[in-house]
Amino acid sequence: MTDWRYHRAPADPSARVESEADASSLFVYTIGLFLAVILTATSFWAANTSLLWAPGIGIGLVVLAIAQMGVHLVFFLHITTGPENTNNVLALAFGILIVLLVVGGSLWIMTDLDANMMLSPALMDLHMQR
Amino acid sequence: MSVAALAYDVDQGTPVPASEAGPAPKRVVVAYGFWIFLLSDIVMFSALFAVFAVLRRATAGGPTGAELFNQVSVALETGCLLLSSYTCGLMSLAVNSRRSGGTYLAALVTFALGAAFLGLEIREFAGMVARGATPERSAFLSAFFTLVGCHGLHVTIGLLWLVVMMAQVAVRGFRPIVQRRLLCFSLFWHTLDIIWVGIFTVVYLIGVSP
């Protein structure tokens, strides 16, 4: 019965019912909201500013998005590195692996095809005529 | 049912090896199963993201993202969904301490913010269709409507689910089974926000760059 320390449901804010656990969980959610707002605002600012080196903005936005997803996972879904979370983290790691394979693999193959099968400009014009 | 209730209250017990601990509480098993489902949902979304990323320049002479997207509206949608994720967290705190007033209030705010998000998104879609930017116009627009529409559909289902859960809380009270369903709902809602982070970055911010 007392195996609670070995498993924890994802998004379960607290294992306890007392109010002091409640207060600390509230604090966790509020920190998460604060960080997420900062990261979102930075994303929107970076996409619209002319202060940054334009070709690097795309990568920067991806980094900001991954950071914000991490914030959501830790502060809202309570995925931690603790032993009670091992199952959740392993499932998440497998999910991330598949997502990376699908997105990265598709982009890699399609960019490669695009580069190798590009028609000459004259042929492309002919091809695009409707 | 009593197992779940007991495991919920037991926290001070001395840790025992996992091999001697017996089956995990039902609450943990249910949430883990739902977590697996959500990860498979994320994998499905990753395919839609990949399609969009591949096709985002295939506008076939039609309108591009930079001409269609309104960043103010997207920022508002993002704010609504982020705040509703936060109030959903507050709702799970109220549920865990069995405060029905707090649960209803947080659920109401979550529902209102989610509905506001959906309203903004539908307005955006209607405006695009009115300008002739329909899904059949170009591969880019097909991919856009599939990805963002699929997320909007998930939000709609989430709102319906929230209404059903509030009815269950009102009629059946905070029984363990209702609490497990509410836990699954909050998992679902937080995950939708994570997917939206990917959408506003890939579609609305990176997608408008030349």
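I take helices (H or I, at least four residues) and strands (E, at least two) as DSSP runs, numbered from the N terminus. On that basis I read the elements of chain B from the N terminus on as α-α-α-α-α-α-α.

**Conventions**

I note that this is a predicted model, in which local features need pLDDT of at least 70, side-chain atom pairs count only at pLDDT 80 or more, and totals for chains, interfaces and linings use all residues. I number residues from 1 along each chain as its sequence is written, with chains lettered from A and ligands numbered from 1 in the order in which they are written.

**Confidence**

I looked up the scores for the complex and found an ipTM of 0.84 and a pTM of 0.86 from the predictor. For chain B I used pLDDT, the predictor's confidence in each residue, from 0 to 100. Its mean over chain B is 89, with 91% of the residues at 70 or more. Within chain B, helix 6 has the highest confidence, at 96, and helix 1 (residues 2-9) the lowest, at a mean of 40. I also noted that pLDDT stays under 50 over residues 1-12 of chain B. The model has 21 contacts beyond four places in sequence for that stretch; a contact here is a pair of residues whose C-beta atoms, placed from the backbone, lie within 7 Å. Where pLDDT is low, the predicted coordinates should not be read in detail.

**The two chains**

I counted seven helices and zero strands in chain B. Chain A has four helices and zero strands, in the order α-α-α-α along the sequence.

I then looked up burial (buried means 20 or more other C-beta atoms within 10 Å of a residue's own, exposed 12 or fewer, partly exposed in between, with C-beta atoms placed from the backbone). Buried residues are 44% of the 210 residues in chain B, and in chain A 26% of the 130 residues count as buried.

For the range of contacts I took pairs at least 6 apart in sequence. In chain B, 79% of such contacts join residues at least 24 apart; in chain A, 58% of such contacts do. Along the principal axes, the C-alpha atoms of chain B fill a box of roughly 65 × 40 × 20 Å.

**Helix 6 of chain B against helix 2**

I fitted axes as lines to C-alpha atoms, for helices over the stretch in contact, with angles from 0 to 180 degrees between N-to-C directions. Helix 2 (residues 26-55) and helix 6 (residues 139-172) of chain B pack at about 155°, their axes 9 Å apart. That makes helix 2 of chain B roughly antiparallel to helix 6 of chain B. The classes I used are under 35 degrees for roughly parallel, over 145 for roughly antiparallel, 65 to 115 for roughly perpendicular, and oblique for the rest.

I recorded the crossing of helix 2 of chain B with helix 6 of chain B as left-handed, that is, with the near helix turned anticlockwise from the far one by less than a right angle (right-handed if clockwise). From helix 2 of chain B the residues in contact are L48(B), F49(B), V51(B), F52(B) and L55(B). They meet A139(B), F140(B), A143(B), F144(B), T146(B), L147(B) and C150(B) in helix 6 of chain B. By class, this contact of helix 2 with helix 6 of chain B has 11 nonpolar, one polar and no charged residues. Ala, Val, Leu, Ile, Met, Phe, Trp, Tyr, Cys and Pro count as nonpolar, Asp, Glu, Lys and Arg as charged, and the others, Gly among them, as polar.

**Helix 6 of chain B against helix 5**

I found helix 5 (residues 100-130) of chain B packed on helix 6 of chain B at an angle of about 160°, with axes 10 Å apart. Helix 5 and helix 6 of chain B are therefore roughly antiparallel to each other. Their crossing is left-handed. On the helix 5 side of chain B the contact includes Y104(B), F111(B), G114(B), L118(B) and E121(B).

**Single residues**

A11(A) lies in the segment before helix 1 (19-48) of chain A and is buried, with 27 other C-beta atoms within 10 Å.

R98(B) also has a positive phi, of about 55°, and is not a glycine. I place R98(B) in the loop between helix 4 (71-96) and helix 5 of chain B. R98(B) is partly exposed, with 13 other C-beta atoms within 10 Å.

K26(B) belongs to helix 2 of chain B and is partly exposed, with 17 other C-beta atoms within 10 Å. I noted K26(B) and I177(B) as 151 residues apart in sequence and 9.4 Å apart in space, C-alpha to C-alpha.

Terms used: Two residues are in contact if their C-beta atoms, placed from the backbone, lie within 7 Å.
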